[in-house]
Amino acid sequence: MKKFCVLLMSSIMAATLALSCACSIDTGGGNENNTPEPEEPPVVNEGAEVELTVGTLSYSDERTLINRWINRFNKDHPEVNIKLTHQMQGMPDTTLWESAGNMPDIMWTAGDQHSPYSGYYHYFQDLSDEEKFPGSAEFFSGFYDSLIDSTHFDNTDKGIWFVPRDYNRLVIYINKTAFAEAGVDLPSNNWTWTEFIDICNRLMDKGAKKAIEWKQWRPVYTTMLRNFGGKYLNDDGSLAIDSEETAACVDFYQKFYNTTRSDTDNVVGLAIPGEGTAFKAYPGSVIGSVPMVVDVRPQLPAYMAAASNGEWELEARSFPNYVQPDGSAGYVGAGCSGYGISKVCTDEKKLEWAWKFLKWCMSEEGYEVVSNLGNIVPALTSLRDSGSWREYDYYGATVDAAAFVDLDNGAQSIFLNYQNSLPVSKQDDFILRVDDFWKDVRTKSYADAVETLRQAYSALMK
Amino acid sequence: MTSSTKKKLRRNIEGYLYVLPVILGVLIFTAFPVIYAFVCSFFETPLKPIGEGFDHFVGLGNYFKSFSDAYYSRKFFTSLGVTFLYAATYIPISLVLSFLLAVFLNKQVKGMRFFRVLYYLPVLLPAVCTGMLWNRITDPYYGVITKALQNIGINWSWFELPQTSMVSFEFISLFTLGGNMILWLAQLKNVPKSLYESATLDGAGKFRQLVSITVPICTPMILYNVIMSIIGVMQTYSQVLTLTGSKGSGLEDSLLFYVFNIYDNRVTHFGYACALSFILFAIIGALTAVVMKTSKWVYYTEEG
């Protein structure tokens, strides 16, 4: 018995030790290693006339990005000292800061989540106010329209509550190696939805596990729904989900994932849900692979790293143009993140420098400073087809920059804040209920999912 | 105040001063937040600085919301279901395994202390650290274990599929068995050797001794471990968050533990989050009461 105990314990210990050693090996994964550029040490201007604090998302990529801007700005302007002092997991953390009386002067915001914080809690200042923020109209005229649309907190609001930072249009990332093995030609950026489905089918015929990883994500849902002609809400804020168009969209969505439970349907799904994991885990052959994924530009460095590690080639293409029944162009969601000036930044000097800083960050010069991080498509239309962001490479590998802007693609960019026709206080809650709707249609019938959303909407609007 | 009371107070003043910091700490950092949260639970209010008041008084509305509003009801019951599923599967498995581990580690073998320390070590690591470590080694693309399993033909998806999320989480949680194990060990040391000697003389084998002597004497510890496990499991949070990273409560809410539901509402629906906390308090209290009421099977030795 004693010998058995010793043997058992020793075996378990050996296994644990082996795993511990394995854990210490740098496998090249995770956010820290996706960007080739290391995080810079902060540049501090001791005794500067003006001190500004900044809050951003706690992710490594986000910190690296804002620190790059802060450092360069501090270097060029010794009279101001900007510091990254606050980090958040998400927008609700700003309320925690506010409750603690400790809000930074400049805050990151998601373009589709700022409304309650701009229009209800009033955390952000209106940057369209020319008196406070001189040159505002001219500055914002340089941004993509769909991004400026997302800076308003509802359909009637004309304020601009943050400076859009990036132009995140949905794109399709492609495993070029798997396409070549399958004998499928790479599509052009001007491909249509019909061509896209055809390519999906051909990849499936060649043994792909699924043709595409289709993210279960609001921008994807909204783009799909809009292309099918459906919508969540009418302009007056009433629920518009129950329509033939939405039903058609849901029907497609269920079949796309093959979530329909009817055995008679005999539909082979073309897509799997996921966050890019299956796409990155290329098994070395098209058989069993997932050669496409729908995503946005900020994930490019991660996909580049995966391709480099897995020794396959990556390419990017615009989101396929879902040509409408009347022959007009289809739609593709384009969102952004950005930075706003918070309500605590009231001192005249601080305000002046905060505005200067943000204008500089989102200028041609500012975008040059962060271009080699690879995760930003500038929000300025003037940089649509120029600037070094287009030349980003990962150890020599590049993708087609035109895929991220609408240069060669017919589809129109749409802003994603469908909730804007609701009162500001209800918007966030409505988004969560819509997320549940998309969960429901994967397990329930369309009618049941609509009924559940209708009940949730009624309860919310009471 | 009578003179004798005054005298008593004067005599004890030094003692009161000694305990004052602790009393203040408990009042400020425990009692006040509990009372504040209880009051908040009757208001529909977002999180606000203390002193700014609350928005709307809704009486018991926040308590009924989990049953009357389709959206909240779904989250409430999903989170409760996930938490109960975890409790119902993890608690028995962890109790049995930690007990068996303790029985093995109780053997008089050279170097056994070393093993005891090693098996207890993971308990000393903060849940956040172990969560991050496991997040790394179970990474679906880069993870060492994932790769090792793939090499032997097993494609385990860890937290990438709703079907595998809970099993993966329970497997990882089992690495903290050392906490229960150390308590079992303490109890096992208390089992009188004479009982085993008598049993041996009577011809009882090792298994019979385990079932008829060791387990009955350990029943107070079983009761203690069950109660503490219920309390711990119902409050599961930090390890899930660090394990699943940006996926939070897991795909398809497969790891939407009860405390996650509280966390999700903590800012915009602070009053409701407070009500959820008190509902959790009631659930834990009720479960503990049930366990205590049905604890006739616990055998207390003469020494207690």
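This is a predicted model: local features need pLDDT of at least 70, side-chain atom pairs count only at pLDDT 80 or more; totals for chains, interfaces and linings use all residues.

Colleague: Which residues lie nearest the centre of the second largest pocket, and which elements each supply at least two residues of its lining?

Modeller: Nearest the centre lie K209(A), I272(A), S157(B), E160(B) and L161(B). From chain B, α3 (70–105), α6 (144–151) and α7 (162–173) each supply at least two lining residues. From chain A, the elements that each supply at least two are β8 (271–272), α12 (277–280), α13 (300–310) and α16 (424–440).

Colleague: Where is W158(B) found, and is W158(B) buried or exposed?

Modeller: W158(B) is found in the loop between α6 and α7 of chain B. Its phi is near 50°, a positive value in a residue other than glycine. Most residues other than glycine have a negative phi. A relative accessibility under 20% counts as buried, and W158(B), at 4%, is therefore buried.

Colleague: What is the state of Y395(A), buried or exposed?

Modeller: Y395(A) also has a phi near 50°, a positive value in a residue other than glycine. Its place is in the loop between α15 and β13 (412–414) of chain A. The threshold for an exposed residue is over 50%, and because its relative accessible area is 66%, Y395(A) is exposed.

Colleague: How many cavities of 30 Å³ or more does a search of the whole structure find, and how much space lies in the largest cavity?

Modeller: The search of the whole structure finds two cavities of that size. The space in the largest cavity is about 50 Å³.

Colleague: Which helix gives the largest share of the lining of the largest cavity?

Modeller: The residues lining the largest cavity are D112(A), R218(A), P219(A), T222(A), L416(A), Y418(A), Q419(A) and I431(A). The largest share of this lining is three residues. They come from residues 218–227 of chain A, which form helix α10.

Colleague: How many salt bridges are found over all chains?

Modeller: One of the pairs is E275(A) with K215(A), whose side chains meet at 3.9 Å, N to O. A salt bridge requires these atoms to be within 4 Å. Over all chains, the search finds 26 salt bridges.

Colleague: How many residues apart in sequence are the parts that E275(A) and K215(A) tie together?

Modeller: The salt bridge between E275(A) and K215(A) spans 3.9 Å, N to O. E275(A) lies in the loop between β8 and α12 of chain A, and K215(A) in the loop between β7 (212–213) and α10 of chain A, so the parts tied together are 60 residues apart in sequence.

Colleague: With which residue of chain B does D436(A) form a salt bridge?

Modeller: D436(A) also meets K439(A) in a salt bridge (3.7 Å, N to O). Those two are separated by about one helical turn, because they are three residues apart in helix α16 of chain A. The partner in chain B is found where the closest N and O atoms are 3.8 Å apart, and that residue is K75(B).

Colleague: How much accessible area do the residues of the nonpolar surface patch have together?

Modeller: One of its residues is F29(B), found in helix α1 (residues 3–40) of chain B. F29(B) is exposed, with a relative accessible area of 67%. The patch also includes L9(B), I13(B) and Y16(B), and the accessible area of its residues together is about 1200 Å².

Colleague: How far apart do the C-alpha centres of domain 1 and domain 2 of chain B lie?

Modeller: The domain assignment of chain B gives 13–57 as domain 1 and 77–256 as domain 2. The distance between their C-alpha centres is 36 Å.

Terms used:
Residues are numbered from 1 along each chain as its sequence is written. Chains are lettered from A and ligands numbered from 1 in the order in which they are written. Side-chain values use heavy atoms; hydrogens and water are left out. Domain bounds come from an automatic or database domain assignment. Patches are made of residues with over 30% relative accessible area and no salt bridge: like charges are joined within 9 Å, nonpolar side chains (Val, Leu, Ile, Met, Phe, Trp, Tyr) within 5 Å. Accessible areas come from the Shrake-Rupley method with a 1.4 Å probe; for residues, only the protein chains shown count as cover. Helices (H or I, at least four residues) and strands (E, at least two) are DSSP runs, numbered from the N terminus. Buried means under 20% relative accessible area, exposed over 50%, partly exposed in between (1.4 Å probe, protein chains only). On a 1 Å grid over the protein atoms alone, a cavity is a set of points where a 1.4 Å probe fits but cannot get out, and a pocket is an open set with protein on both sides within 12 Å along at least five of seven lines; lining residues have an atom within 4 Å of a point. Grid points are joined across faces, edges and corners, and a volume is the space filled by probe spheres set on the points.
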